[in-house]
Amino acid sequence: MSTLPLTLNGEPAELAVATVRDVVAHVTGRAIGDDGAAADGRRLGVAVAVGGEVVPRSAWATRELAAGDEVDVVTAVQGG
Amino acid sequence: MAEHRTAPAAPAIPPLRIGGYDLASRLIMGTGGITDLTALEGALVASGTTLTTVALRRWSADTRDGLVALLDRLGIDVLPNTAGCYTARDAVLTARLGREALETDLVKVEVIADERTLLPDVVETLEATERLAADGFTVLAYTSDDPAMALRLEQAGAAAVMPLGSPIGSGLGILNRAHLELIVSRASVPIVLDAGVGTASDVALAMEAGCDAVLAASAITRAAEPARMAHACRLALEAGFHARRAGRIPRREHALASSPMAGRVTAEEDER
C-alpha cells in the first residue's frame, strides 16, 4: 500500500491508508469491521468527517480517500 | 425517650419524557470541569444521574476513548453537546458527528456568542435547532432566560428548552426567577435549567420554580468534594420536585400566628 498525504485532525500526515476505515484503525489502534464497528465488540465512540461532511460508519470500509483530503476523527470528551 | 419512627418513603419521581426519550433521573450531570476520571466516576454515581453531557473533540492521545468506556461501564446515557460552536453550521456538523459517534439522536444544542460571556447566540441557536429537529434529532436547546426565545425554540422543534440560570460556570444561581417562571408557565415541552447552578439550593429553587429537570456541571465537578456535592444536588432535586407539588404557602407582608390564641395560660401581675 502506498502512502497518501492527508490532513488528519488539522495536522499534515502521510499515511499508508486507502479508506476511512484504515484511518480509524490507525488512529484508535483497534480493528474495524466492514460495518464500522470495532472488532473487539466494545463501543468505538468515534465519528469521522471528510472535508466537513460526516461519513457514516457503514460507509467507512468503502469510502476511499484521495490525496489532500481533510479527515477529522472525533470522540467524546468531558464537557458541559 | 420515645422511639422515633422512620418517615415513609416519598412518592417516586416519574421519568421525564423528552421527545421519544425517557429521562429516569431528572438531574442531568455535565462532565466538564474535572479531568480525573476516577473522581468523575464518584460524582456520577453519587448524583444518581442517568444522562450526562459530553463534548465532541478531535481524537488525541490524551483523550482517547476513556470517557466512552467509563459511561458504558456505568450504564449512563450520553447527551452529546455542541459546546465550542459559534455558528449554526458548526453546531449541525458537531451534532451529526455526535450522533454517529455515540449512536444517539439526542443533542444539546449550544451555540455561544463569545468566549468572554459564554452567553448563547440565540439567532444561531434557533437556526441550528430548526435544522437538527428537521433532521430527526431530539434537540435540547440551551438558551438565555428569555421567555420569547423559549417559545420560538419550541416552535422550531426543540424537544426541551434549557434556559440558563446565570452564565456558564458562574455559580450565580437563578438571576431572573420571574422569567424562569414565565418560561415554565407557557411551555408545552420540558424545561431544563442549565448553567449557573452554584450549589444544591439552586437545584431545589429551579425545581420549585417549575423546571422539569436540572443540568449541573461545574457546581459538582469543581466543588471541593464533587461526589458529596453530587449527592447534595440529588437530594435538592428531590426536595424541589416535592415542594413544587406540595403547594407552597403564599408570601405575606406580615406575620400570621400558627399557634391558637385561645386557651393560653397567663400570669397576671396585678391580679387581686
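**View 1. Contact between chain A and chain B in the predicted model.** Contact, taken as heavy atoms within 4.5 Å, links 27 residues of chain A with 33 residues of chain B. The model is predicted, so that local features need pLDDT of at least 70 and side-chain atom pairs count only at pLDDT 80 or more, whereas totals for chains, interfaces and linings use all residues. Residues are numbered from 1 along each chain as its sequence is written, chains are lettered from A in the order in which they are written, and side-chain values use heavy atoms, with hydrogens and water left out. The two chains bury about 2600 Å² between them, 56% of it on carbon and sulfur atoms, where buried area is the accessible area (1.4 Å probe) lost by two parts on being put together, summed over both.

View 2. Three salt bridges are found across the interface, the criterion being a side-chain nitrogen of Lys or Arg within 4 Å of a carboxyl oxygen of Asp or Glu. In the salt bridge between B:Arg58 and A:Asp72, the closest N and O atoms are 2.8 Å apart.

**View 3. Strand pairing between β5(A) and β4(B).** Strand β4 of chain B (residues 51-58) pairs with β5(A) in the antiparallel sense over five bridges; strands are DSSP runs (E, at least two residues) numbered from the N terminus, and two of them pair if DSSP finds at least two bridges between them. Within β4(B), B:Val54 is the bridge partner of A:Gln78.

Terms used:
Helix = DSSP H or I, 4+ residues; strand = E, 2+ residues; numbered from the N terminus.
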